[in-house]
Amino acid sequence: MSARIRPATDLVALADAAAVLQRGGLVAFPTETVYGLGADAFDARAVARVFEVKARPSFDPLIVHLAEAASLDWVAVADDARIEALAARFWPGPLTLVLRRRPELPDIVTAGLDTVGVRVPAHPAARALIAAAGTPLAAPSANPFGYVSPTTAAHVAELLGDAVELVLDGGPCRVGLESTILSLAGDPVILRPGGLPREALEDALGTRLAVAAPGDRPLAPGQLQRHYATRTPLAILDQKAKAAPTGPERVGLLAQGPTHAPGFAAVEVLAPDGAIETAAARLFAALRRLDAMGLDRILAEPCAETGLGHAIMDRLRRASSLGGAAAPPPDPPLRSPE
């Protein structure tokens, strides 16, 4: 029996979901990025269940979701002028800020760190749920740890089943990549590329931003070297090798655009329209479909690392079982957001 799925637009379903959270249960809910697995951020036992259901290591902190920026003082110290400026420009939206935490927040949420990642999601159902529950939600992606993130309610039900009391179905995620995580705990640094392009943050802050390297002791979600991975071995394609693979292996292709070599056992095209936004929104669902086909391996075409291309390539590198640097981008590259 799979998890209960109810429409996120149903007010009764929202009220029921809020009640589940208030009594220490777990609710999967839509955001513009991916589906989240939410628990009351101030209920340490409920948050512990999130880690248990996901089989998530306790050293990997969670992001706290708020209904509005005005609630930031509940969980973080908001004494930095940059916070207000960024919140006014990018919240609600796919930006997580890492700030100094409030001591009232349970240590399990932050993995014992003195900082916390916070964001206001853009999906109206997410904000409505948080408001109805009356508490911030600690919510990682609603999938087993390390696997491809879910972008539909059906993905959540398939992956987590009865471990989640209720799944709110808000349709496919519009952005399809996790939030960009920006630390303001010191000099600004991007801890994870995501659904908000680095260029937009650099424009807002008036400075160039570095991207932190993966580490064994993450300061934010999604910083481990291997993450967002398929079970089928995946490697980033050397774009210079135009010919399809030969031999007995069944090889799938994750193509950036509609033009590609013939002969693959399966092909998923991320952006038939050539738009980087389309590629980002379709990435995880396409990886899941290829992973379900019983292939021997998956080859993924790289894209130009501008705009959302930074986040796409970040996810592909972390998913790659072979690692290594990406090949040069295809010609022509996908369009970046203007």
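## Cavities

The structure, a predicted model, holds three cavities of 30 Å³ or more. A cavity is a set of points, on a 1 Å grid over the protein atoms alone, where a 1.4 Å probe fits but cannot get out; its lining residues have an atom within 4 Å of a point. Grid points are joined across faces, edges and corners, and a volume is the space filled by probe spheres set on the points.

The largest cavity contains about 260 Å³ of space. Its lining has 26 residues, and V34, P140, S141, E178 and R192 lie nearest its centre. By type, this lining splits into 10 nonpolar, 11 polar and five charged residues. In this count Ala, Val, Leu, Ile, Met, Phe, Trp, Tyr, Cys and Pro are nonpolar, Asp, Glu, Lys and Arg are charged, and the others, Gly among them, are polar.

The second largest cavity contains about 60 Å³. Among the residues lining it are T180, I190, R198, V211 and H310. Here six lining residues are nonpolar, four polar and one charged.

## Nonpolar cores

In soluble globular proteins, nonpolar side chains tend to be buried together. A nonpolar core is a set of buried Ala, Val, Leu, Ile, Met, Phe, Trp, Tyr and Cys residues joined through side-chain atoms within 4.5 Å; buried means under 20% relative accessible area (1.4 Å probe, protein chains only).

The largest nonpolar core has 74 residues, and L95, L97, L182, L201, L254, L283 and I312 have the most contacts inside it. Helix α8, residues 276–291, supplies the largest share of this core, with eight residues. Apart from this core lies another, of 18 residues, including A8, V27, F29 and A139.

Leaving aside residues up to four places away in sequence, L254 touches L283, A286, L287 and L290, among others. Contact means heavy atoms within 4.5 Å.

## The chain as a whole

The chain has nine helices and 14 strands. These are DSSP runs numbered from the N terminus: helices are H or I with at least four residues, strands E with at least two. Of the 338 residues, 58% are buried. Among contacts with a separation of 6 or more, 70% join residues 24 or more positions apart.

## Confidence and method

The mean pLDDT (the predictor's confidence in each residue, from 0 to 100) is 89, and 89% of residues reach 70 or more. Over residues 323–338 pLDDT stays under 50.

Residues are numbered from 1 along each chain as its sequence is written, and side-chain values use heavy atoms, without hydrogens and water. Local features need pLDDT of at least 70 and side-chain atom pairs count only at pLDDT 80 or more, while totals for chains, interfaces and linings use all residues.

Terms used: Buried means under 20% relative accessible area, exposed over 50%, partly exposed in between (1.4 Å probe, protein chains only). On a 1 Å grid over the protein atoms alone, a cavity is a set of points where a 1.4 Å probe fits but cannot get out, and a pocket is an open set with protein on both sides within 12 Å along at least five of seven lines; lining residues have an atom within 4 Å of a point.
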